[in-house]
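This report describes selected features of a two-chain model, from single residues up to the contact between the chains. The sequence and structure come first.

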Amino acid sequence: MNRRSAQPILTWTEGPEADVPLSVRDLWVEYRAPRGAVKAVRGASFDLYKGETLSLTGESGSGKTTLALSLIRLLPRSANVRKGQIIYRRDGQEYDVLSLDAGDLRQFRWKECAMVFQSALNAFNPVLKIWDQMYDTVKAHDHSEREEVRRRALDLLRLVQLEPERVINAYPHELSGGMRQRVLLAMSLLLNPQVIILDEPTTALDILTQRTIIDLLRKLKEELGFSMVFISHDLSLAAELADRVATMYAGRVVEVGNVYEIFYRPKHPYTLGLIKAVPTVTGGFQELASISGSPPDLINLPTGCKFHPRCLYAMERCREEEPELIPATKGHLVACFCWEQVQADWDREWQQREPEAMEVAWPRS
Amino acid sequence: MGVPSALRSPKSASVGTARLIRRIVSNYLLRRLLKALFTVFFVTTLIFFLIRLMPSNPIEVYINELIVQYGFSYEDARNQAASLFAIDLDAPMAVQYLDFLRHLSRGDLGNSLRSPGTTVLSVIAKFLPWTLFSVGTGLLLSFTLGVSLGMLMAYKRESSLEPVLAGIGSFLSSVPNYIIGILLLVFLGVRWELVPIGQMRGSMTPGIKPSLTLEFISDIFFHAALPIATYVLTTVGGWMLTMKSSTISTLGEDYVTVARARGLPETRITTAYVGRNAALPLFTQLAISIGFIVGGSILIEQIFVYQGIGYQLLVAISNRDYPVMQGIFLIITASVIASNFLADFLYSRLDPRVRIVGRE
């Protein structure tokens with residue numbers, strides 16, 4: 001694998017490069033469609049720090065899943081990575097994921113970067129037992145002793161709070177949806193990867209099972225110390241689990257920052273809209289607001305800032321020019337020309353509210 | 001203890017019967033077996049009456065033959081026929097039927113009318129193996145070939161190879177097998193004289209001793225080559241097209257994507273993840289088509305003069321040889337039902353999701 005020349009791609013990163021296992025820079029992905037190219041990801045950039053949870057949020061169709069799939073190059077055939085870089089770092093080495101050859105890519109997948117999918121219901125081959133699929137996974141990467149693999153698989157199943165002996169000999173259809181999601185989680189930890197991508201891991205599950213999975217994820221991360229990209233349109237889950245949050249709109253990261261910063265001091269009108277659209281148990285309906293308009297057509301995108309047709313702050317400049325992702329405050333980046341005004345309005349509203357109400361709205365343990 | 005036995009026993013007897021019925025109902029295998037037996041019985045009965053409702057009867061056919069071929073007068077022919085046939089066709093149908101059932105329950109399928117002294121069972125035992133051999137080989141060959149080609153088509157569905165194969169596949173699967181048989185005979189055998197069809201008649205060269213020698217095995221394959229080629233050509237298209245669509249839909253399954261994400265080698269994904277799941281529905285079809293081995297061979301065996309059970313059935317029908325017809329139809333029915341049985345069993349072996357039902 002070729003080492004890449006050092007380049008100024010980590011301009012906004014604090015700390016040494018070694019602490020950033022994954023960097024994405026200016027990634028463009030298109031899907032071929034009869035009507036034209038669907039621009040699913042348009043110049044997305046972000047860094048993933050060691051041991052952190054980065055939450056990617058945004059509406060459906062904002063490019064979250066496409067971005068995640070391109071991280072392990074698992075995009076469907078109709079997709080095309082136009083340009084950009086995905087840099088993976090381990091032990092002082094840098095790897096360009098987009099130019100890995102087939103064999104290296106196969107090794108990279110799961111061993112370095114595992115992915116937990118949304119639909120765990122169909123994630124397993126229905127004709128093979130869980131154990132066979134676990135062993136398949138290990139065999140594809142290492143030459144481990146069968147007994148050792150079994151012991152590790154059992155340990156991991158115990159770690160995700162399943163009955164190891166029963167589950168390992170089960171066929172996928174004998175397990176419930178929540179159990180399968182946990183098995184997939186255990187399987188993703190099997191090779192001890194540095195990065196785990198979770199693509200809406202709880203969306204298909206009921207609220208109580210969601211709860212256990214989220215608690216489990218937090219516990220696992222504390223014990224094992226991997227980095228996590230957590231994709232979810234559910235802001236409250238992101239608030240609970242994430243260290244940092246990145247908001248995506250029309251294939252672009254429009255705001256990244258520390259989880260407190262994002263939820264208590266959002267700077268992009270879109271993030272602001274998302275936060276206001278989340279109902280709270282005590283909040284009542286008058287505080288709920290949705291974002292007007294609908295997500296953009298990814299084939300014929302609006303000019304300038306892609307959010308301007310739906311934005312309350314839109315001005316002439318927004319129609320002509322697309323804002324870059326720039327640091328607003330320390331570690332908080334935003335792609336908006338009027339972030340200062342958004343900030344000011346939010347602060348005014350914030351002061352009018354009672355502090356306890358906000359604490360109920362966004363509880364943090 | 002205190003309850004008088006006279007009071008208790010009738011109740012426990014009815015409980016026992018109820019339990020027996022419940023056991024039959026709840027035992028999957030037993031239930032299937034009873035159903036299968038009933039089907040065989042029903043179809044056999046139907047055939048018994050149907051073949052007797054066909055115009056003409058064995059005696060008429062024989063009389064006609066004597067008149068046309070040997071110039072017998074009707075009276076002479078009738079006398080000759082009456083002395084030959086040891087069957088009373090004037091007896092009421094119900095009596096004939098009960099007689100047939102009585103023999104059948106003893107495993108006796110009766111004697112052939114046209115060749116007295118030959119039991120139907122011996123006819124079946126002599127000719128059925130050849131049909132099983134030729135159609136079975138053809139089926140296995142075309143299944144293997146079709147499944148492989150179907151997967152190839154699914155994987156190469158964006159190349160120019162795919163439409164060519166798909167065209168060939170749908171052409172072959174839409175042409176009836178006897179047309180293909182006749183075409184093979186006419187072009188390979190007569191027009192171009194590529195194969196010695198004269199020597200290929202029959203199921204083996206007369207005088208050769210059945211043994212496990214290379215000579216004998218190559219001889220039976222030589223004689224069965226054209227029927228086998230016909231079976232392969234007419235069924236391979238269906239397997240190809242079914243396997244192609246099955247593979248394409250399996251390739252879209254999440255577990256295949258996840259398997260790729262897990263970094264599994266492509267060969268492992270193709271065999272254990274795509275191939276095995278895509279072929280599942282085809283195994284059922286394979287087992288079912290085994291049931292049609294006997295029925296499907298009738299015209300082909302006649303075209304190539306292959307001495308199998310289908311050929312015998314055709315002869316028996318034209319002679320109205322009732323016992324032989326009944327016997328062969330019974331075999332056909334039984335093999336269709338048995339292969340359905342096999343299909344279910346096979347499917348439950350191959351797909352763990354169905355296995356649970358079979359176990360209970």
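## Leu157(A) and its surroundings

Not counting residues up to four places away in sequence, Leu157(A) touches Leu162(A), Pro164(A), Val167(A), Ile168(A) and Ala186(A). The model is a predicted one. Leu157(A) belongs to helix 4 of chain A. Leu157(A) has 24 other C-beta atoms within 10 Å, and it therefore counts as buried, the cut-off being 20 or more.

The loop between helix 4 and helix 5 of chain A contains Gln161(A). Gln161(A) is not a glycine, yet its phi is positive, at about 60°. With 13 other C-beta atoms within 10 Å, Gln161(A) is partly exposed.

## Helix 6 of chain A

Helix 6 of chain A covers residues 177-188, and at 1.5 Å a residue its 12 residues should span 16 Å. The C-alpha atoms at its ends are 16 Å apart, in agreement with that value.

Of the 12 residues in this helix, 10 are buried, so that helix 6 of chain A is mostly covered. The buried residues are Met179(A), Arg180(A), Gln181(A), Arg182(A), Val183(A), Leu184(A), Leu185(A), Ala186(A), Met187(A) and Ser188(A). The elements of chain A that cover them include strand 6 (113-116), helix 3 (130-139), helix 4 (146-159), helix 5 (164-168), strand 7 (195-199) and helix 7 (207-224). Ala186(A), listed among the buried residues of helix 6, is also one of the residues that Leu157(A) touches.

## Chain A as a whole

Chain A has 13 helices and 12 strands. Its length is 365 residues, of which 43% count as buried. Taking contacts in chain A between residues at least 6 apart in sequence, 66% join residues at least 24 apart.

## The largest nonpolar core

In soluble globular proteins, nonpolar side chains tend to be buried together. Here the largest nonpolar core has 155 residues, and those touching the most other members are Val167(A), Val183(A), Ile197(A), Val229(A) and Phe230(A). Helix 6 of chain B (residues 120-155) gives the largest share of this core, 12 residues.

Phe230(A), leaving aside neighbours within four places in sequence, is in contact with Thr53(A), Leu54(A), Ser55(A), Leu198(A), Ala238(A), Leu241(A) and Ala242(A).

Two packed helices are described by the angle between their axes and the distance between the axes. For helix 6 and helix 10 (residues 214-251) of chain B, the axes come within 5 Å and cross at roughly 35°. The crossing of helix 6 of chain B past helix 10 of chain B is right-handed. The residues of this contact are 24 nonpolar, 9 polar and 1 charged.

Val305(B) sits in the loop between helix 14 (298-303) and helix 15 (309-319) of chain B. Its phi is positive, about 45°, although Val305(B) is not a glycine. Val305(B) is partly exposed, having 14 other C-beta atoms within 10 Å.

## Contact between the chains

In the contact between the chains, 19 residues of chain B meet 23 residues of chain A. On the chain B side, the elements giving two or more residues are helix 11 (254-261), helix 12 (266-291) and helix 17 (352-359). Helix 11 of chain B provides the largest share of that side, 6 residues. By class, the side of chain B that touches chain A comprises 8 nonpolar, 3 polar and 8 charged residues.

Technical notes: Residues numbered from 1 in each chain as written. Chains lettered and ligands numbered in written order. Predicted model: local features only at pLDDT ≥ 70, side-chain atom pairs only at ≥ 80, totals over all residues. Helix = DSSP H or I, 4+ residues; strand = E, 2+ residues; numbered from the N terminus. Contact = placed C-beta atoms within 7 Å. Expected span 1.5 Å × (residues − 1). Nonpolar A, V, L, I, M, F, W, Y, C, P; charged D, E, K, R; others polar. Core = buried A, V, L, I, M, F, W, Y, C linked by C-beta atoms within 7 Å. Axes fitted to C-alpha atoms, helices over the stretch in contact; angles between N-to-C directions. Left-handed = near helix turned anticlockwise from the far one by under 90°.
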